Amino acid sequence: MFAAVIFYSIMFVYKKKENITKAIKSIREDGLTIGLVPTMGALHEGHLQLVIKALQDNDKAVVSVFVNPTQFDNSEDLEKYPRTLENDVDLLKTVNADDIIVYAPTVEDIYEGKAVSESFDFDGLEFEMEGKFRHGHFDGVGTIVKRFFEIVKPHKAYFGEKDFQQLQIIRKLVEKYELPVEVIGCKIHRETNGLAMSSRNTRLTPEHLNVAPFIYKTLKSAKVKFGTKSANKIAEWVENQFKKNNLLKLEYFLVADASTLKPVKRKSKNKKYRAFIAAYAGEVRLIDNIALN
Ligand code: AMP
């Protein structure tokens, strides 16, 4: 009988800035390219798609796992945010153990005792949608992403269209600060029932999990209506649909210009538009969006 040989693949998980800095220096000295995938952990298939893309385009993928306190305006949401680093590492190993580096710093290491945000001017992108409902959110996002860009020095960075406003804001950050990184937007990864994958889905009750695909279903109907109806009429229709649903509470629905994120007044043929929804399923806040044209 042969003893089974078990290979345990290891993966580098850096917690300290000085250690990841050394690793990055060595990768860059070897002439290799780095793709960064910033995440807050509790990884799912949607995150993995970004990691896979980062590995297709680059020699190494750095996946940051950090629940950034400065982008939360709700302390309960921050406290309840799932933290599952061991599982995250195991999941990443199923993609590729050799070329993925995990950067999971502590709040102390990142903020050095002062967890406060820088203030950013994102040319108004920060005042729409999430900016209205999550106070200071995009200053927190800008602060942490800029810091990760400085530490990880990626050639490319990958963000999901799931957080479309965030993606546009990061593009603006890179443009305004002339940061030497290419921002790549990645399509929204969904469950087969249409629900956009999200770390927050793990906090849904079975009842809310069952009703949550209604969000995407409504967005798809809004897209069909966009061919013939005004943005106001569509908004009215969506609001009525949600009123009839006892389990989901609409926070906002918006049809917006995909580049400025301003609400659309009159449609123009050569512009791109998207529809956005934020809704509560019990205590869990879900967001989703769809390209309309
Ligand atoms: P998070 O951990 O929620 O901060 O997400 C980290 C990155 O993964 C962000 O760029 C998200 O937009 C992206 N992401 C999260 N969920 C999805 C999804 N279902 N499809 C595509 N990208 C996603």
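**Ligand site**

I began at the ligand and looked up His47. One of its polar side-chain atoms lies 2.9 Å from an oxygen atom of the ligand. I keep in mind that this is a predicted model.

At His189, a backbone N or O atom lies 2.8 Å from a nitrogen atom of the ligand. At Met197, a polar backbone atom is 2.8 Å from a nitrogen atom of the ligand. I then looked up how much of the ligand is covered. Taken alone, the ligand exposes 480 Å², and the protein buries 93% of that.

Which residues come nearest to the ligand? I found 17 residues around it, and His47, Gly160, Asp163, His189 and Met197 come nearest.

**Salt bridges**

I turned to charged pairs. The count comes to 22 salt bridges. I followed up three of them.

The side chains of Asp77 and Arg203 form one, with N to O at 3.5 Å. Where do the partners sit? Asp77 lies in helix α3, residues 75–80, and Arg203 lies in the loop between β6 (182–186) and α9 (206–211). The pair therefore ties together parts that are 126 residues apart in sequence. I also checked burial. Asp77 has a relative accessible area of 16%, so I noted it as buried, the cut-off being under 20%. Arg203 is at 24% and counts as partly exposed.

The second pair is Glu118 and Lys146, whose side chains meet at 3.1 Å, N to O. Glu118 is in the loop between α5 (107–111) and α6 (130–133), and Lys146 is in helix α7, residues 137–152. They are 28 residues apart in sequence, so this bridge too ties together separate parts. Glu118 is partly exposed at 28% relative accessibility. Lys146 is buried at 12%.

Lys176 belongs to helix α8, residues 164–176, while Asp123 belongs to the loop between α5 and α6. Here the parts tied together are 53 residues apart in sequence. Both ends count as partly exposed: Lys176 has a relative accessible area of 36%, and Asp123 is at 45%. This pair does not stand alone.

**Helix α4**

I moved on to helix α4, residues 85–95. Which of its residues are buried? I noted Asp88, Val89 and Leu92. They cover an arc of only 95 degrees around the axis, so they sit on the same side of α4. The other side holds Glu86, Asn87 and Thr94, which are exposed.

What do the buried residues of α4 pack against? I traced them to β1 (12–14), α2 (45–57), β3 (60–65) and β4 (100–103).

**Gln168**

I went back to helix α8, this time for Gln168. Buried or exposed? Gln168 is at 12% relative accessibility and counts as buried. Its side chain is joined to that of Arg171 by a polar contact of 3.1 Å. Gln168 is still in contact with Leu125, Ala258, Ser259 and Leu261.

Last, I looked at backbone angles. Most residues other than glycine have a negative phi. I noted two residues with a positive value.

Glu112 has a phi near 45 degrees. I located Glu112 in the loop between α5 and α6. Glu112 is exposed, at 59% relative accessibility.

Lys153 has a phi near 50 degrees, and Lys153 is not a glycine either. I found Lys153 in the loop between α7 and β5 (156–160). Lys153 is partly exposed, with a relative accessible area of 42%.

Note on methods: Residues are numbered from 1 along each chain as its sequence is written. This is a predicted model: local features need pLDDT of at least 70, side-chain atom pairs count only at pLDDT 80 or more; totals for chains, interfaces and linings use all residues. Side-chain values use heavy atoms; hydrogens and water are left out. A salt bridge is a side-chain nitrogen of Lys or Arg within 4 Å of a carboxyl oxygen of Asp or Glu. Helices (H or I, at least four residues) and strands (E, at least two) are DSSP runs, numbered from the N terminus. Buried means under 20% relative accessible area, exposed over 50%, partly exposed in between (1.4 Å probe, protein chains only). The arc is that of the directions from the helix axis to the C-beta atoms. Contact means heavy atoms within 4.5 Å. A residue is near a molecule or strand if one of its heavy atoms lies within 4 Å of it. A polar contact is a pair of N or O atoms within 3.5 Å; within protein, one must be able to donate a hydrogen and the other to accept it, and residues adjacent in sequence count only if both atoms are side-chain atoms. Accessible areas come from the Shrake-Rupley method with a 1.4 Å probe; for residues, only the protein chains shown count as cover. Lists of a residue's contacts leave out its neighbours within four places in sequence.
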